[in-house]
Amino acid sequence: MRNQQKLLAAAAEVFVTSGVDAPIREIAAKAGVGMGTIYRHFPTRADLVVAVFRHQVEECADAGPRLLADADSPLAALREWIDLFIDFLVTKHGLAATPQPDSSGFSALHAYFLDRLLPVAERLLDAAVEAGEIRPGTQPYELMRGIGNLCFGAGDDPRYDPRRLVALLLQGLRLPRPS
């Protein structure tokens, strides 16, 4: 199981930098395992991508409460969580391009994604509102969808920086400082 977690983390890293079509040997090298190990755990590329997707959803969901407890402020926790979410979206975008033998499986993954991450985003937003750092009224789904749309706009344009646009989005949520 620990080997599998290490393998999933390595695959996620490779997917972020090289896409979901990255050679399996690149993932194996990053994980420090042989290619046979990957194929034993994940017989198809789609199996690997789905497992990485689930792994990243869990990491993102688990990070929210930890960041809220450890960060200097709820807004700082929200920003850090959104950085993780953006990394995840790069992999998720690749998943959409991966052939799925069963389209209901993709729908189930999307429902899983929403079930796990919407409550985390809601808690982070609520904490930032309660701390007086952001305006009330932002819905978690709207925020996550907006970030997703900004991330998927990049395509192959190296001049497009979704993190900069997401930072502007977050800046717009902030309450004005009293003068």
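This is a predicted model: local features need pLDDT of at least 70, side-chain atom pairs count only at pLDDT 80 or more; totals for chains, interfaces and linings use all residues.

Trainee: How many helices and strands does the chain have?

Mentor: Helices (H or I, at least four residues) and strands (E, at least two) are DSSP runs, numbered from the N terminus. Here there are 8 helices and 0 strands. Along the sequence the pattern reads α-α-α-α-α-α-α-α.

Trainee: What share of the residues counts as buried?

Mentor: Buried means under 20% relative accessible area, exposed over 50%, and partly exposed in between, with a 1.4 Å probe and protein chains only. Of the 179 residues in this chain, 40% are buried.

Trainee: And contacts: what percentage join residues at least 24 apart?

Mentor: Contact means heavy atoms within 4.5 Å. Take the contacts between residues at least 6 apart in sequence: 66% of them join residues at least 24 apart.

Trainee: Now the core. Which residues of the largest nonpolar core touch the most other members?

Mentor: In soluble globular proteins, nonpolar side chains tend to be buried together. A nonpolar core is a set of buried Ala, Val, Leu, Ile, Met, Phe, Trp, Tyr and Cys residues joined through side-chain atoms within 4.5 Å. The largest one here has 34 residues, and Trp81, Ile82, Phe85, Phe113, Leu117 and Ile147 touch the most other members. Helices H4 (45–70), H5 (74–97), H6 (103–130), H7 (140–152) and H8 (162–173) each supply at least two of its residues. H6 gives the most, with 10 residues.

Trainee: What is Ile82 in contact with, beyond its neighbours within four places in sequence?

Mentor: Ile82 contacts Leu143, Ile147, Val166 and Leu170. There is also a second, separate core of 20 residues, including Ala11, Ala28, Ile38 and Val49.

Trainee: How much space lies in the second largest pocket?

Mentor: On a 1 Å grid over the protein atoms alone, a pocket is an open set of points with protein on both sides within 12 Å along at least five of seven lines; lining residues have an atom within 4 Å of a point. A volume is the space filled by probe spheres set on the points. The second largest pocket holds about 250 Å³. It has 13 lining residues, and the closest to its centre are Ala12, Gln56, Glu59, Leu84 and Asp87. Helix H1 (2–18), H4 and H5 each supply at least two lining residues. H4 gives the most, with 6 residues.

Trainee: Ser73 is next. Where is its place?

Mentor: Ser73 is in the loop between H4 and H5. It counts as buried because its relative accessibility is 19%. A polar contact is a pair of N or O atoms within 3.5 Å; within protein, one must be able to donate a hydrogen and the other to accept it, and residues adjacent in sequence count only if both atoms are side-chain atoms. The side chain of Ser73 makes one with the side chain of Glu133, at 3.0 Å.

Trainee: And Tyr160: how does its accessibility count?

Mentor: Tyr160 sits in the loop between H7 and H8. At 24% relative accessibility, Tyr160 is partly exposed. Its side chain reaches the backbone oxygen of Leu150 at 2.7 Å.

Key:
Residues are numbered from 1 along each chain as its sequence is written. Side-chain values use heavy atoms; hydrogens and water are left out. On a 1 Å grid over the protein atoms alone, a cavity is a set of points where a 1.4 Å probe fits but cannot get out, and a pocket is an open set with protein on both sides within 12 Å along at least five of seven lines; lining residues have an atom within 4 Å of a point.
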